[in-house]
Amino acid sequence: MSNVLDRALDGAVSTYAVSTQGLTKRYGDEVALNAVDLRIPEGSVFVLLGANGAGKSTALKLLLNLERADSGVAEVFGLDTRRHGPRVRAQVGYVPERHDAGYRWMTCDRLLKHVAAYYPAWDQTYADRLIGALEIRRNRKIGGLSKGDTRRLQLLMALAHRPPLLVLDEPTDGLDPVVRKRVLTLLAEHLADSPTTVLITTHHIHEVENLADHVGILRAGRLVIQVPREELQRTVRRYRLDLPDQWEAPRDLVIPAPRSGRVREVQWTIVGDERAVTERLTTSGARVREVVSLPLEEAALAFLPDEGTR
Amino acid sequence: MSHPALHPPPRFANVVREQVRAVALALRVPAMAALAVLVLGSGLAIGEFITGGGAVDFAPELSMVPAFVGLLFPIGVWKGENRFGTSFLWLLPVDRRQHALAKVAAGWVCLMVTVLFFLVWLFVLSLVTGGNILGEHAVQLLPSTVIPEARTLDPAALRAVRYAPDPVFWLVPFTAATGTYLLTSAVTLGVRYPVRWIIGVPLSVLLVSALGAAARIDWLKLLASRLLRFVFDGRYGLDALFTARAESLKTAVVLTTGKTVSVWRAFPDVGDWALATTLWIGAGLAALMAAALRQREK
Amino acid sequence: MVVNIDPRDARPLYLQIMDEVRRALVVGSLKPEDPVPSVRELASELVVNPRTVLQAYRELEREGVLYVRRGLGTFVALNTQPAGDERRELGLAVARRALLEARRNGLGLEELFTMIREVAADENDLAAEAPLTTGSNST
């Protein structure tokens, strides 16, 4: 089974499945995306993070030409999304943010037949297996499905035609923890069976910790960082410090919160090269007691706005 | 190799075929209701026939039902679809405008099947009640196309003629339904709230007319009725599309004897009908294409 | 073979997987000629991109630790000895972790040694005291 992957790894060098240039989208006065240069290498699992309203869903919709960008270019497998919208969508398995699976009067079974007609690459054997794995009840009407049921159906529709690109907007939203684990396992198996590039947005960062190869973080529409996940984890550390009484933070160091009162021991998450940061802290008079690396979720949080700050 | 082998998008014929199935499914409930109405109608007609009433002649061009069905069809076809904005339909790998037109085409196919079913029902009813399946019936024809004033017409001036409609008029229900379907589909694709327009426009004209009559504003009433007359009764008006003018060519006249009788001014002309139909369907297609411009890939 | 990925470890995942395979060899849960989990299985179990697992396996193959039999799977190489320095690497990693913890809690090096010996002694005592469960309380 790894023959498929073997060939994929041998062939694809450093091409991008998704590549955007200066992608900008405004809704009235609000800037949803601001000059975003997204680069998703083929075969990678790219996790796009950001607070609510940071522009994640908008970015995904633009990639499928479901919205029109105000400026900038987006390409999927070399296809300009604006000029080749339908062709791009034929390469993509999309799970949208909304829990809307189509015609409410159709049964799940009927809807799957309907969608299968639109994707010549539909693998019915695989679809049948997924129906079992995702526990989809064939004869339920779409209108009668719960949020979780709908989500699982949308996942099935995205996976069954083995698209070269999966675009998953909060794929585990509305699912209970057991099902969430199952979905992610299915995703890993799917990746083993068919070479796929995956773009995921999620609020459950720890779930995709091991799956993610690359991480991108959107903050108020700007892509503030876009790196392999090891690099993200490397550039964020938690420092346990002893601060002297009259201590001033070095000006070029971003610390999470101003020191309150005469607190002696603090624990701060700071972005930057560990050696350089430690040096700045030490020369400023702080004593670095301990430096700890963080799991992906907490490392990413360092780039997201705090409550109250923006 | 630079990119993986790309998946092909679906063939358009397959898209239309799949839409026909989806539309047929969507119209299941109205279809059941219509079936119930037909059953009721059959019951009433047969009941009347048994109690000595008249037979039902098979005159497909006289029924305005197909045109009416064509008018309402798009409402069912597009039920639940968000035509402007995001909808499941637009997520699929088909160009948005083409997809919209595919759905309209699919609806048309279902409409033709519906009209055919209606005609078959009418035909069977006609057979069962012993009516004339060629739609032949005796009519009174006026001496000229000018409608005479009340009580000026001598009965002897009327000619009794056996009218046999041209078999080509069996196409009328299909073309009539197509015409109205295209026009209302155009409205549905082009406007956010089509029902307001489809029902609102004729309703407001009627209201204006009634208002004019009630307030005795003669010119208003005249304007409204002129408008209706022009659109409907004209040589190439809507009635030409709906019934080859069989409706508007009939009129009621009061004879010198005081008796009121239904007479025909002239017979429906095949040439006129063909031209009118072509004009209306042409207009419908043009409107549809214009409306489809609103549906575009972002 | 039990594979544990440490979420805090900032090293590339494929390196962590490679280390886990080596650890299994040292500990003895993997022996020469044993099959290792398929790429698909391991990716599914760890919820990891299969490419990462494949990368780890390929590296290990390159180092001679694993080999692939077409159609049958991936196996531990015949002549793989848990090298002495593999064991040493593991030991050093354990020591590093212990020292880190000690420092964190304000313990000095000598204190740490003393504590370790004490705990080990207690555990030995407990093992000696534990009653044998063969036929002592028969009815």
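This is a predicted model: local features need pLDDT of at least 70, side-chain atom pairs count only at pLDDT 80 or more; totals for chains, interfaces and linings use all residues.
Let us begin with how the chains meet. Two pairs of chains touch, and the pair formed by chains A and B has the most contacts. Chain B and chain C, by comparison, are joined by no contact, and their closest C-alpha atoms lie 16 Å apart.

The C-alpha trace of chain B spans about 95 × 50 × 35 Å along its principal axes. You will find ten helices and four strands in this chain. If you follow the sequence of chain B, these elements come in the pattern α-α-α-α-α-β-β-α-α-α-α-β-β-α. Among contacts in chain B with a separation of 6 or more, 77% are between residues 24 or more positions apart.

Two packed helices are described by the angle between their axes and the distance between the axes. Helix α6 (residues 172-190) of chain B packs against helix α10 (residues 270-292) of chain B at an angle of about 20°, and their axes are 8 Å apart. Angles under 35 degrees count as roughly parallel, so α6(B) is roughly parallel to α10(B). The crossing of α6(B) and α10(B) is left-handed. On the α6(B) side, the residues making the contact include B:Gly179, B:Leu182, B:Leu183, B:Ala186 and B:Leu189. On the α10(B) side, they include B:Trp280, B:Ile281, B:Gly284, B:Leu285 and B:Leu288.

Now turn to chain A, where six strands form an open sheet. Their order is β7-β8-β9-β4-β10-β11 (chain A), with mixed pairing. At the edges are β7 and β11 (222-228) of chain A, each of which pairs on one side only. Neighbouring strands of this sheet are turned by 15° against each other on average, with direction ignored. Inside the sheet, β8(A) pairs with strand β9 (residues 197-201) of chain A in the parallel sense, over five bridges.

Helix α2 (residues 56-63) of chain A touches β4 (45-50), β8, β9 and β10 (214-219) of chain A, and its direction makes about 150° with that of β8(A). Helix α6(A) also packs on the sheet, touching β7 and β8 of chain A, and its direction makes about 175° with that of β7(A).

How does the length of α6(A) compare with what its 13 residues should span? At 1.5 Å a residue, helix α6 (residues 147-159) of chain A should span 18 Å, and its end C-alpha atoms are 19 Å apart, which agrees. Ten of the 13 residues of α6(A) are buried, so this helix is largely enclosed by the rest of the structure. Among the buried residues are A:Asp149, A:Arg151, A:Leu155 and A:Met157. Their cover includes β7 (92-95), α4 (108-116), α5 (124-133), β8 (165-169) and α7 (177-193) of chain A.

Our last stop is where chain A touches chain C. This contact takes 24 residues from chain A and 20 residues from chain C. On the chain A side, α1 (2-11), α7, α8 (229-234) and β14 (287-293) each supply at least two residues. Of these, α7(A) gives the most, with six residues.

Definitions and conventions
Residues are numbered from 1 along each chain as its sequence is written. Chains are lettered from A and ligands numbered from 1 in the order in which they are written. Two residues are in contact if their C-beta atoms, placed from the backbone, lie within 7 Å. The expected span of a helix is 1.5 Å times one less than its number of residues. A residue is buried if 20 or more other C-beta atoms lie within 10 Å of its own, exposed if 12 or fewer, and partly exposed in between; C-beta atoms are placed from the backbone. Two strands pair if DSSP finds at least two bridges between them. Axes are lines fitted to C-alpha atoms, for helices over the stretch in contact, and angles run from 0 to 180 degrees between N-to-C directions. Angles under 35 degrees count as roughly parallel, over 145 as roughly antiparallel, 65 to 115 as roughly perpendicular and the rest as oblique. A crossing is left-handed if the near helix is turned anticlockwise from the far one by less than a right angle, and right-handed if clockwise.
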